[in-house]
Amino acid sequence: MNKITTPYHHGDLRNTAIIAAAELIDQSGNYEISIANVAKRAGVSSAALYRHFEDKEALLTAVRELALIGLMQRLEVVAAQYEQGTQLLIEELGICYLQFAKDKRSFFGLLWEDRGNMEQRRLEAQAKRTGFEVLIKAAESYLCTHKPESDVSPVRLATQLWSIAHGIATLEHNRMLDIFDETINAEQLLRDGTQAFLNNTLDSSS
C-alpha cells in the first residue's frame, strides 16, 4: 500500500481513516496502531476520528473487513483462472490463501487473532462469508463433477479444505512449520494434503 496522496475531503473521513490505518499496519508489520497516529496520517485531529470510531478496536474491525475484501478479491481472481470442478482449482485457492498469509502477515494475524471479541466476529463471518463462498462453489463443482451421487455437503467439504490450508498457513505464519522437517515446503504440503483428502473423500462416500 502506498502513502495517501489525495487530500481529505469532507464526508469521506471514515474511509480515509481505514485506509490510513491499513497503510500503517502494512508498513509497520503489526497492528499496534493508535488513533492519534492514524489521525496524523489522515491529516485530521484525533477528535475527528472518534466521531467515526468508538475506539481503536472499532477501527481495527473496519480494517479487518477491508482485509477480508482483499482476500476475497484474490480468491475470485484465482477462481476465474481455473476450471470449476477441478482439483487444480481447489489447490490454487489454497495456494492463494497461503500467499495472502505470507504477503500480508500483519493482516492475516489481525483476521484470526482473538482480541476478546470472537463471538461478535463469528456472527459477522457467518453473515458475510466473503471469500469462503468462493471455496464453497469450488467444492460444490468438484463434488458435482467427480461424485454427483455423494451426500457430502459442499459447506462441510469447503470447511475441511479450509482447515488444511489454514493450518498450514498458521504454522507458516508463526514460523513453526519447519521445526521438525527443515525441508518442508508449504505449497507442496498443501497440494499433497488436498489431493489425499479429496481422494479419501471420494472413496469414503462410495
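Let's start with helix 2 (residues 35-42), whose buried residues are Ile35, Val38, Ala39 and Ala42; buried means under 20% relative accessible area, exposed over 50%, and partly exposed in between (1.4 Å probe, protein chains only). Seen down the axis of helix 2, those buried residues fall within an arc of 100°, so they line one face of the helix; the arc is that of the directions from the helix axis to the C-beta atoms. Keep in mind that this is a predicted model, where local features need pLDDT of at least 70, side-chain atom pairs count only at pLDDT 80 or more, and totals for chains, interfaces and linings use all residues. Residues are numbered from 1 along each chain as its sequence is written, and side-chain values use heavy atoms, with hydrogens and water left out.

**Around helix 2**
- Helix 1 (13-28), helix 3 (46-50) and helix 4 are included in what covers the buried residues of helix 2.
- Helices here are DSSP runs (H or I, at least four residues), numbered from the N terminus.

**Helix 4**
- At the start of helix 4, a side-chain oxygen of aspartate 55 comes to within 3.2 Å of the backbone nitrogen of glutamate 57.

**Aromatic rings**
- The structure holds 3 aromatic pairs; rings of Phe, Tyr and Trp (its six-membered ring) pair if their centres lie within 6.5 Å, with planes under 30 degrees apart counted as stacked, over 60 as edge-to-face and the rest as tilted.
- Tryptophan 112 and tryptophan 162 make a tilted pair, 5.5 Å centre to centre with 50° between the planes.
- Tryptophan 112 sits in helix 6 (residues 105-112) and tryptophan 162 in helix 9 (residues 154-173), so this pair ties together parts that are 50 residues apart in sequence.
- Tryptophan 112 is partly exposed at a relative accessible area of 35%, and tryptophan 162 is partly exposed too, at 29%.
- Ring pairs link Trp112, Phe132 and Trp162 into a cluster.

**Confidence**
- The chain averages a pLDDT of 88, and 92% of the residues score at least 70; pLDDT is the predictor's confidence in each residue, from 0 to 100.
- Among the elements of the chain, helix 5 (residues 87-103) has the highest mean pLDDT (97) and helix 7 (residues 118-128) the lowest (74).

Conventions:
Helices (H or I, at least four residues) and strands (E, at least two) are DSSP runs, numbered from the N terminus. A polar contact is a pair of N or O atoms within 3.5 Å; within protein, one must be able to donate a hydrogen and the other to accept it, and residues adjacent in sequence count only if both atoms are side-chain atoms. Contact means heavy atoms within 4.5 Å.
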